[in-house]
Amino acid sequence: MARRHIYRAHEANGTGAALALVDERDVDERVADERAVDAVDQLGVDRGAADARTATFDGIHVEVVASNPLSGPISVPRRVPIGDTGIEVHPLALGGSTFGWTLSTEQSFDVLDRFAGVGGSLLDTADSYAAGRSESIIGKWMDSRGTRDRMAIATKIGQHPDRRGLAPAAIAAAVDDSLLRLGTERLDLLYFHGDDPEVPLEESLGAIDALIAAGKVGAIGAADFTPERLIEARVLAANGLPRFQALTTKYNLLERRPFEGAPELVAHAQGLAVLPYFALASGFLGGQVRRRADVRRDARGERQARHLGRRGSRVLAAVDEIAFAHGVQPATIALAWLLARPTVVAPVVSASRPEQVEALMAAACVELQRSEIVELDRASH
């Protein structure tokens, strides 16, 4: 019988809920509840403790971490490293592209609260998202919730209307602006938001070197760089300049060709942590859009509509079948497929409502069988 993992809440110290991963294979609801509590208890952790402990429960690598101030510790998938940065995160990043754009500050806070409450630890944004409002919302949220120390912050520079390009002066000013909006002294991971052919790469990396020395930047990554440019960057790194540790690029079940091939080979050879964006093909792989009548009349709807057709229907049918077997949502399976790729560390996904977060986070708890991966590969080619 196929495995099915869910999150189940239980009272912890009378103040909130401890979440555990439950394997519902051949168990009824009562037994599932008992095993969820045992999953936490077997780790030997005081439910009020703030430090993380790790263990293996029923074949799932988990750790217990502090949740928000109103809940006890929660059991989540063991964290994964981002290259050699020293940053370890839950293997799914929450994208902030909707914060301050389609979501208000209050709505963004609701999504962020849920993400943190179920163990999320990596926030992905950019100085150009809503002209900086995304960073500002995240900064206000971290300040109001006291969550900065538990969140890794990845942001991007180079496309803000006031700080375009990767010239050294633009980089320094953009980083200072992002630090101010985010209310922090250090950016854990800073991406070059696209290449800037007008500026020699060694000048851009030299500017970053100074910012790393100043403690303003922890590590760097590239967004949508070509394989040739990544190779050039590695040569420069061999001569003492900062090295890219991560790559973010568009990649999902329906948009595979641009990444698979040379970019994937270079990422693998360089040990880059790949964090794909548009991981759900603008939400199409969530399964809510099946007909033209389902498409919203906005930019997101236009992107979803491109996938309507034989191939899109074939992929959704395969995703639906596997999701049913695991007892999860289609989006969970689409993300689990990404996590099964050898170079992918943490897909970047956005949520428009708090209740969507659990289905996204659950992807890290689904182990696809080899036959299921082959089925998804076949459907998407």
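Which strands does helix α5 lie across? Let me start there, and then we can walk around the rest of the chain together. Please keep in mind that this is a predicted model.

Helix α5 covers residues 201-213, and it lies across β11, β12 and β13. If you want to find those strands, β11 is 187-193 and β12 is 217-223. Relative to β11, the helix runs at about 165 degrees.

Now let's look at the sheet those strands belong to. It is an open sheet of 8 strands with parallel pairing. Reading across, the order is β14-β13-β12-β11-β10-β9-β8-β15. At the edges stand β14, residues 273-274, and β15, residues 348-349; each has a single partner strand, so one side of each is left without a neighbour in the sheet.

How many bridges join β13 to β14? There are 2, and the two strands run parallel. Strand β13 spans residues 244-248. To see one of these pairings on your screen, pick A246, whose bridge partner in β14 is A273.

Let me step back for the overall picture. The protein chain has 12 helices and 15 strands. It is 381 residues long, and buried residues make up 56% of them. Take the contacts with a separation of 6 or more: 69% of those come from residues 24 or more positions apart. As for the surface, the chain exposes about 16,500 Å², and 49% of that is supplied by carbon and sulfur atoms.

Next, the aromatic rings. The structure holds 6 aromatic pairs. One of them is Y251 with F259: the centres are 4.7 Å apart and the planes are at 50 degrees, so this pair is tilted. Both Y251 and F259 are buried. Compare that with Y277 and F278, an edge-to-face pair with 5.4 Å centre to centre and 70 degrees between the planes. Are these two residues buried or partly exposed? Y277 has a relative accessible area of 24%, so it counts as partly exposed. F278 is partly exposed as well, with a value of 29%. There is also a cluster, in which ring pairs link F192, F225 and F244.

My next stop is E135, which you will find in helix α3, residues 133-145. Why does E135 count as buried? Because its relative accessibility is 0%. Another, of 2.8 Å, joins E135 to the side chain of R181. If we leave aside neighbours within four places in sequence, E135 is in contact with T125, A126, D127, T155, S178, R181 and L182.

For contrast, follow the chain out of α3 to D149, which lies in the loop between that helix and β10, residues 152-157. D149 is exposed, with a relative accessible area of 79%. What separates the C-alpha atoms of D149 and S121? They are 9.7 Å apart, although the two residues are 28 residues apart along the chain.

Technical notes
Residues numbered from 1 in each chain as written. Predicted model: local features only at pLDDT ≥ 70, side-chain atom pairs only at ≥ 80, totals over all residues. Heavy atoms only, no water. Pairing = 2+ DSSP bridges. Helix = DSSP H or I, 4+ residues; strand = E, 2+ residues; numbered from the N terminus. Contact = heavy atoms within 4.5 Å. Axes fitted to C-alpha atoms, helices over the stretch in contact; angles between N-to-C directions. Phe/Tyr/Trp six-rings, centres within 6.5 Å; stacked < 30°, edge-to-face > 60°. Buried < 20%, exposed > 50% of the residue type's maximum accessible area, 1.4 Å probe, protein only. Areas by Shrake-Rupley, 256 points an atom, 1.4 Å probe, with all protein chains shown as cover. Polar contact = N/O pair within 3.5 Å; in protein donor to acceptor, adjacent residues only side chain to side chain.
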